[in-house]
Amino acid sequence: MDILTIITSLIITSAAFSYLNQRFLRLPGTIGVMTISIVVSLFIILIGKTGFENSGLIKTLTYNIDFSKVLLDVMLGFLLFAMAMHFDYQDLKKLRAPVILLSTIGVIVSAGVFGGLFHLATVLLKVEVPLIYSFVFGALISPTDPIAVASILKQSRIPARLETIISGESMFNDAVGLILFVTLLSIADQSQESLSLMQSLVLFSEEVIGGIVIGLMAGYAGYRLMKSISDFQTIFLISVALVLGLSVIAGRFHASVPLSAVTAGLIIGNNRFGRSHPAEESLSMVWKLLDEVLNTILFVMIGLQLIMLPFFSNYLLIGCVSVVIVLFARMISISIPSIFILRRMNPSNLAILTWAGLRGGISVAMALLLPASPYREAILSCCYFIVIFSVIVQGLTLNRVVNKFADDKDLL
């Protein structure tokens, strides 16, 4: 398939799945299209097992899309920029302590707890995954997904302060997850020299500090350019050019593209253009629409990735166990910073924060980057189990969890 055919096919498929969901299923948008995508993927896999190989456009489309590259290099910057534009920086500033703790210490604790328990489960269930690869899995599955979180939380009735904490954590925890993933993967790969502590710190500094600095510079420059003109078409083009430029420049300097996009989005979204300026409301509305369209396409792609995992059914039991483990690891990763650093922990907050810690496309993209090994299939399958459960089950029941604890007077 050429690039035009791929884009056309993907948009047509997304539009069709979105229509079917709105016409018949009536589930929340992203959950509905992902559910349909998974059903279609399972049907295609079933057809393949019967020996009928001509499974059509969907299978061809999926095999021609490099999901990791499309998400991490192209879509992620746009989605995070749009998300940050609608995020109130003052609310984030007030809750910076829990956001920083959860996006750093929380990720490390979660990765450690998940890795240890997952390895124990593989031993008991006779699924061969060494301890170091279990920790690699823990590193890629522990960061909450900002895209999944944003798409689900906007349809929930979660308290504003908790929503700020969860959304803020998801926007900033990717750098810690990435450095853990790269470091542990280098240790697991015996063909490469393991990263030293100093190398890890340098890599972390490049990712985090570099991403923030690039985002600050580009965001401020973009804001000044947009404010100096009144033609909305040019303003919108500048904003698109800004996101694309961030992806290229941050990638060139080995900085975090998500952090640079989030930083630039916060600057532009939280600075006023002036009451009569066309960007004051219109720019936010256009980016909100673009965000919803890209979210729909992304969740269709996540669901269709199941076609790439014909071995998925071989890991049903360990996949279900991994779902329980990731929820437990999430709960522990919230409890420890709360008890030992914030000196307090509220059970209602703990329950909501645990259930709202959604995983999504970023974890799948990172899992697909794993090099070939005897353990790749198990990690990919379990990662997919967690993402499906997270988006569909946790996403559909989040409001019930929130309502259950809504009467707690100590709820944030």
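Student: Is R330 buried or exposed, by relative accessibility?
Tutor: Keep in mind that this is a predicted model, where local features need pLDDT of at least 70, side-chain atom pairs count only at pLDDT 80 or more, and totals for chains, interfaces and linings use all residues. Residues are numbered from 1 along each chain as its sequence is written, and side-chain values use heavy atoms, with hydrogens and water left out. The cut-offs are under 20% relative accessible area for buried, over 50% for exposed and partly exposed in between (1.4 Å probe, protein chains only). R330 comes in at 2%, so call R330 buried.

Student: Which residue does R330 meet in a salt bridge?
Tutor: A salt bridge here means a side-chain nitrogen of Lys or Arg within 4 Å of a carboxyl oxygen of Asp or Glu. The R330 pair has an N to O distance of 2.7 Å. R330 sits in helix α16 (residues 316-340) and its partner in helix α10 (residues 160-172), so the contact ties together parts 161 residues apart in sequence; helices are DSSP runs of H or I, at least four residues, numbered from the N terminus. That partner is buried too, at 2% relative accessible area, and the name is E169.

Student: What separates D73 and K69 along helix α4?
Tutor: These two form a salt bridge, with the closest N and O atoms 3.4 Å apart. D73 is partly exposed at 43% relative accessibility. Both belong to helix α4 (residues 67-85), and they are four residues apart, so the separation is about one helical turn.

Student: How many salt bridges are there in the whole structure?
Tutor: R272 and E280 form one of them, with the closest N and O atoms 2.7 Å apart. E280 is partly exposed at 22%. The search of the whole structure finds three.

Notes. Helices (H or I, at least four residues) and strands (E, at least two) are DSSP runs, numbered from the N terminus.
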